[in-house]
Amino acid sequence: MKRNKTVLLSVPYIVWMVVFTLIPLGVVAYYAFTDPDTGAFTWSNIRELGTFLPVFGESVLYSVVSALICLLLGYPVAYYIAHRSPMVQKLLYMLVMLPMCMSFLLRTLAWVGLLQDTGIINNTLDAIGIGRLKLIRTPGAVILGMVYNYLPYMILPLYAILVKIDSRLIEAAEDLGCTPAQTFLKVTMPLSTPGIVSGMTMVFVPAVSTFYISQKLGSPDTMLIGDVIERMYKQGNNANLGAALSLLLMILVFVCTGIMNKLTGSDGEDVVVV
Amino acid sequence: MKKILSLLLALILILGLTACAEADAAEGDKITLNVYNWGQYISDGSDGYLDVIAAFEEKYPNIHVNYSTYDSNEVMYTKIAGGGITVDVIIPSDYMIARMIDENMLLELNFDNIPNYAYIDENFRNQTYDPENKYSIPYTWGTVGIIYNAQYVDEADVTGWELLWNEKYADKILMFDNSRDAFGIAQYMLGYDVNTTDPAQLQACADLLAEQKPLVQQYVMDQIYDLMENEEAWIAPYYSGDYLLMADENENLEFYLPQEQGFNLFIDAMCIPTCCREKEAAELFVNFLCDPEIAGQNMDWIGYGTPLSAAKEYMDPEMASDPVAYPEDSVLAHGTSFDYLPASVSRYVESLFLKVRLS
């Protein structure tokens, strides 16, 4: 009886998954293997994927670098928040969440306004005699945009793990003669690995498929895989190739998160994937 | 907690139901007309100009206009071809109209509901894209030329399309983010027919565009407004009417038509797609836009040429004789129009363009 009830509770979610995730996935797969003109089965979309491998490589590179920078920036922040009093924790947690309340498109456009050659930063630099710098349309600007947009996704899971670490373990390590550095490396960090893994995943997955940040902040040379897919659907009139690319991207994301889980020795159960 | 939750759910359901009911009621007494048009392509009431949609809704109080925009013919086509949406009026360009007619995506117009068709000039009727003039009514016409900032660009360099390939202005050049217009420029440069389907010629165009890429700051469509007005970029190929809008904001901007090489001369026309639900209201809207007084005030703002000579009476005289909007016939003789390319060719052009972008 009890079991039946819990099954019933999961029905809405299952229906949701089937209608909005599984069926669309099936449609994507169908398109990936059909010809745009005749609708007949074909491998040609899959065969064409080879030409896009460099783009995939570039997208992975950009998002891995962004995820690592997010980790370096986010860990101290999460650590700091986790060791404040509960009230301060709530406040700081809110502050981390706050930027996410605003549209991500607007926040990226704001960076364009700041960084462009005639933007606020360059106008100020010019006025004080330093001269204009090449800020926008560089790989650095794209990384900046990714880090800026996805940093909260790193801080929040890290914080959630760090705040739960039993302080008695830290005290024990200190009592047993560990220096602060040793305590961190041997106790805190290993215990926070699940947070690191889910943080990395949550930054990597949206970053690898983004199509707006690179368009706005990158040069014409930084065209990422998300941009190519968007183009296939919007301009290219070739949804079939777009579907094949999406399929490959999805497999790539699964493989990358799998590798990440393997490397960190996590069994994957702690990983939060949104 | 459970009670609150169920109450909330009930509330959401009721809201949903009333929303449906409202939509039904709207169909009963207030019609929603979905108009899908290019960005910055109808006078919107800014700077004291006429708000065309508000004027239409005032004249026909039982019609509500739901207005949305696109920034290229291809984007519009993809959205309509994808299905699942209701659009009553669209304003595509010539070659896209031909394609949509060919693919049975447009409805024949009932000219009894569009008496203002009588005002359309004879030379804008029965165009090649719609030879019997059954599906479309011209809205505007215009040219594609080079917009440049005279403060930074040396007049001596403004000799033709090659300005877009001038290394002196590297990183200050914008380019069309739309394969048809981008390839068109390469075709004029190389002296090819703009409607060529020859793979070798198209490949040569792609090579030329790839050569240009290191100099290009960004590939853009409607974003061009900000970039040119703020002088973030200095040189860009774009549509004549949009130039006039930009020139209002930055007086250093100039427009140049490369006559010797040729340029695109286009007509954008109002059509009713097959996904239309309110054909009569759509025809009322089309008819309204062909009213010389409305068309005149509309053109004052959007800056394109009007196919209604009668509208010029109602226009700002300066605008009605603007050389950019109304070049002399001797200049116009050098313009060519885009024809519809078969789907496989346009897909090939698009894949070449993507390769240029990824090179």
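This is a predicted model: local features need pLDDT of at least 70, side-chain atom pairs count only at pLDDT 80 or more; totals for chains, interfaces and linings use all residues.
Chain B contains 13 helices and 10 strands. Its radius of gyration is 22 Å, close to the 21 Å that the globule rule gives for 359 residues, so chain B is as compact as a globular protein of that length. Along the principal axes, the C-alpha atoms of chain B fill a box of roughly 70 × 55 × 40 Å.

Of the 359 residues of chain B, 55% count as buried. The accessible surface of chain B comes to about 15300 Å². Carbon and sulfur atoms contribute 51% of that surface. Charged side chains were counted as well. Chain B carries 18 positive and 59 negative side chains. The centres of these two sets lie 12 Å apart.

Cysteine pairing was examined over the whole structure. A disulfide is a covalent bond between the sulfur atoms of two cysteines. C256(A) is accordingly in no disulfide. The nearest cysteine sulfur to C256(A) is that of C70(A), 16 Å away, whereas a disulfide requires sulfur atoms within 2.5 Å. C256(A) is buried, with a relative accessible area of 18%; the cut-off for buried is under 20%. C178(A), by contrast, is partly exposed, with a relative accessible area of 25%.

Note on methods
Residues are numbered from 1 along each chain as its sequence is written. Chains are lettered from A and ligands numbered from 1 in the order in which they are written. Side-chain values use heavy atoms; hydrogens and water are left out. Helices (H or I, at least four residues) and strands (E, at least two) are DSSP runs, numbered from the N terminus. The radius of gyration is taken over C-alpha atoms; the globule rule is 2.2 Å times the number of residues to the power 0.38. Buried means under 20% relative accessible area, exposed over 50%, partly exposed in between (1.4 Å probe, protein chains only). Accessible areas come from the Shrake-Rupley method with a 1.4 Å probe; for residues, only the protein chains shown count as cover. Lys and Arg count as positive and Asp and Glu as negative; His and the chain ends are not counted. The place of a charge is taken as NZ of Lys, CZ of Arg, CG of Asp or CD of Glu.
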